[in-house]
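Here is a short report for a reader new to this structure. It starts from one residue and then widens to the whole chain.

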Amino acid sequence: MKIRLLILSLLTSSFAFAADITTLSPTVVTATKTEAKSFDLPVSIDVVGKDVLQDGKVGASISEVSQRIPGVVINNRNNYAQELAISSRGFGARSAFGVKGVRLYIDGIPLNTADGQGASGSITFDSLDRIEFMRGPFSALYGNSSGGVVQAFTRDGAKDPTLSGSFSYGKWDTFRESSTFEGQAGNLNYIVSASEITSDGYRDFSKFKKDNLNSKFTYQISADTKATVLLNYNNQPYTLDPQSLSPSQYLANPKQSASTSYSAQTRLYRQQTYTGFILDHNLSEKQSIKLSSFYGIRDNLQYLATSASEINRNYGGLDFRWNLNDTLFSKPFNLTAGLNYEEMEDKRKRYCVTALCTSAAGSTGNKIKNSRDELQTAYNFDQYVQASFEPTDQWLLMAGIRHSKVTFNTKDQYFNDPNVSSDTTNDTTLDDSGIQVFTNTSPVFGATYKITPRLNLYANYGRGFETPTFAEMGYSDPATGAGPNLSMTPSRTKNYEIGVKTFITDNTRINLALFKVDAKNEIIAYGYDATTKFTSYASTAQTERKGIELSIDSRLPNNFNFYAAYSMMDAEFRNRFSEKLVESGTTTVTRTITPGLNIPATYKNTGFAELSWKYPSLGFSTATEVIYFSDTYAYDNNLVQYRPGAYTIANVRGSLEQKIDRWTIKEFVRIDNIFDRTYVSNVKVNSTTPFEPGLDRNYTLGLSASYKF
């Protein structure tokens with residue numbers, strides 16, 4: 001009751017002091033493939049702008065701002081050997097390897113590969129203009145594994161040449177430094193940003209170093225033609241992996257590593273580079289085309305508890321888009337049509353690092369059960385059309401359709417390898433090659449009804465799909481290591497949403513959405529062998545997710561601002577199925593999943609609230625943040641001993657800014673988890689060691705300076 005009264009008083013106070021407040025403006029977004037005001041679209045979409053990204057943030061991970069977005073959960077594992085755990089309305093929550101179920105982009109360049117797997121390590125804040133988070137049915141227009149879409153956009157360089165540098169220091173000897181050079185030289189606009197972060201880590205054996213580079217060069221060839229070149233680089237020369245903990249380990253000491261010695265410590269070496277080229281051309285006042293292409297290389301070497309996994313990846317793609325902005329029956333009409341092609345090639349090896357191996361590289365001696373040498377290729381060819389029409393001043397209609405064809409091809413390099421023994425206990429005489437082709441057509445449509453200029457109602461519906469990734473298709477039999485698993489099928493979803501967007505004053509905006517997602521053939525971990533450490537997956541589960549999302553943004557008097565986001569979601573299994581997740585010798589433990597059990601790694605309730613204040617004459621700003629997560633389950637059968645409890649943490653920050661001639665100098669300090677709560681920041685699904693601990697109370701001091709030439 002007290003919380004409701006506080007929110008009501010904050011909202012009503014904005015009426016009385018409207019003259020003292022800066023007006024909130026509708027945000028222009030591009031996530032629906034054309035520029036539009038987010039307020040008018042029949043889509044759940046939120047934007048985190050440059051001011052928020054650079055206000056007292058370390059700027060190394062999108063998990064620093066994701067709590068502001070209802071329906072989106074980006075859990076920082078506090079382990080740089082693992083990618084962020086990203087989910088959108090439950091899509092991606094069950095991912096055991098990186099990001100899946102959610103599409104990631106920087107400047108239109110996908111960070112997902114053709115099989116749907118994604119990685120977020122290329123996104124840092126230094127050169128960004130904004131990050132857009134889109135949920136709901138229209139995400140399906142981005143193709144495979146697009147249960148939600150997260151897009152980061154690099155800002156244009158400043159008009160005057162500007163050199164910026166920043167430095168921050170935090171607990172556990174965490175250093176981050178970055179530099180940015182930007183400007184305009186004739187028709188060329190440029191921005192180049194580089195950063196490095198090092199830390200001893202919160203936990204034992206969690207030391208890491210990570211380098212990032214992001215750059216954009218835009219050349220205005222003519223009044224109608226613009227070319228953009230992108231370059232992104234991500235390097236992790238050393239990253240120790242403390243691994244996740246069992247409940248007993250977590251209770252005894254959440255800082256400990258699951259490994260007992262440095263020599264046995266799991267670790268990661270990673271390097272990724274991609275380049276992109278974008279050509280924008282206006283054919284006329286009403287028609288334009290956009291051609292995007294990209295190519296990337298990713299090398300990943302990861303030492304696990306008993307084996308090592310090595311992936312050398314090449315990937316690339318093309319996207320051609322035509323846009324018409326015209327009238328139909330004298331009413332505004334927009335039509336976008338495009339073709340998309342992406343491909344990837346993985347040279348994937350896995351070999352033993354214990355005394356059982358006769359060779360560290362696995363190229364000689366017997367092929368043991370946890371060895372693999374495969375060439376994996378995948379490509380997709382998609383076609384899409386999207387249209388919007390405003391038949392009256394009060395109605396906006398949108399519809400789209402995307403057809404996808406995704407081809408997977410695995411070639412077993414061990415088959416008949418003359419350098420590997422043909423021992424009958426091995427599978428060198430078995431060809432674990434295979435091809436699988438998936439097709440899908442995803443229609444979406446929605447409508448906005450503008451009741452008043454300040455109040456919009458909207459509804460939408462769409463269908464989507466998610467293919468298994470190469471990591472999930474790897475083994476058809478976890479006991480023998482045979483693969484690939486060609487019996488899997490894509491998960492298919494039906495997605496419903498209705499919502500309200502309103503400005504109750506010029507200074508207070510409220511967004512409310514209700515959604516429901518029905519999925520069939522959702523991918524689950526079906527079998528696990530304790531000896532080989534292999535996991536097999538199956539397209540078995542039927543699920544239902546339904547919930548509500550609410551956000552409030554209010555500019556209050558005297559330079560205060562209140563922002564809050566809340567999500568409630570029921571995510572459940574809707575069918576009965578069995579899992580064989582523990583096998584040792586001839587002993588098999590089978591678990592039965594029944595309808596009504598919660599989907600693990602999803603949260604029934606999440607909340608975020610921030611009260612900020614600025615004192616412009618001194619360049620001072622401060623804010624208090626409160627973050628809430630309800631409990632969740634780590635196991636499909638909802639074992640209570642693997643259920644971390646709910647938690648609430650609070651953060652505070654403050655910053656100063658000085659402008660001296662051509663200099664702009666900023667200082668900030670922030671304290672996270674000020675009450676020193678102990679909590680689990682993420683869970684690994686169906687693992688006997690599922691808990692990844694959150695950070696205890698910690699601080700960051702930052703200093704930045706920029707000079708305009």
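## Arginine 313 and its surroundings

Start with the contacts of arginine 313. Contact here means heavy atoms within 4.5 Å. Neighbours within four places in sequence aside, arginine 313 touches Thr113, Gly296, Ile297, Arg298, Asp299, Met344, Glu345, Asp346 and Arg348. With one of these, aspartate 346, the arginine 313 side chain makes a side-chain polar contact at 2.7 Å. A polar contact is a pair of N or O atoms within 3.5 Å; within protein, one must be able to donate a hydrogen and the other to accept it, and residues adjacent in sequence count only if both atoms are side-chain atoms.

Arginine 313 sits in strand E17, residues 307-328. Helices (H or I, at least four residues) and strands (E, at least two) are DSSP runs, numbered from the N terminus. Is arginine 313 buried or exposed? Arginine 313 is buried, because its relative accessible area is 10%. Buried means under 20% relative accessible area, exposed over 50%, and partly exposed in between, with a 1.4 Å probe and protein chains only. Glutamine 272 is 41 residues away along the chain, and its C-alpha atom lies 9.1 Å from that of arginine 313.

## About the model

This is a predicted model: local features need pLDDT of at least 70, side-chain atom pairs count only at pLDDT 80 or more, and totals for chains, interfaces and linings use all residues. Residues are numbered from 1 along each chain as its sequence is written, and side-chain values use heavy atoms, with hydrogens and water left out.

## The whole chain

The protein chain has four helices and 35 strands. Of its 709 residues, 55% are buried. Take the contacts between residues at least 6 apart in sequence: 66% of them join residues at least 24 apart.

## Nonpolar cores

A nonpolar core is a set of buried Ala, Val, Leu, Ile, Met, Phe, Trp, Tyr and Cys residues joined through side-chain atoms within 4.5 Å. The largest one has 40 residues, and Ile62, Ile86, Ile131 and Phe133 touch the most other members. Several elements each supply at least two of its residues, including strand E4 (72-75), strand E15 (266-282) and helix H4 (470-473). Which element gives the largest share of this core? E8 does, with three residues.

## Salt bridges

The whole structure holds 43 salt bridges. A salt bridge is a side-chain nitrogen of Lys or Arg within 4 Å of a carboxyl oxygen of Asp or Glu. One joins aspartate 696 and lysine 171, at 3.3 Å from N to O. These two are 525 residues apart; aspartate 696 is in the loop between E34 and E35, and lysine 171 is in the loop between E10 and E11. Aspartate 696 counts as buried, at 12% relative accessibility. Lysine 171 is partly exposed, at 27%.

Glutamate 610 and arginine 653 form another salt bridge, at 3.0 Å from N to O. Glutamate 610 belongs to strand E29 and arginine 653 to strand E31, so the pair ties together parts 43 residues apart in sequence. Glutamate 610 is buried at 6% relative accessibility, and arginine 653 is buried at 7%. Arginine 670 and aspartate 672 also form a salt bridge, with their closest N and O atoms 2.8 Å apart. Both are buried. Through shared partners, salt bridges join Asp55, Arg68, Glu610, Glu625, Arg653, Arg670 and Asp672 into one network.
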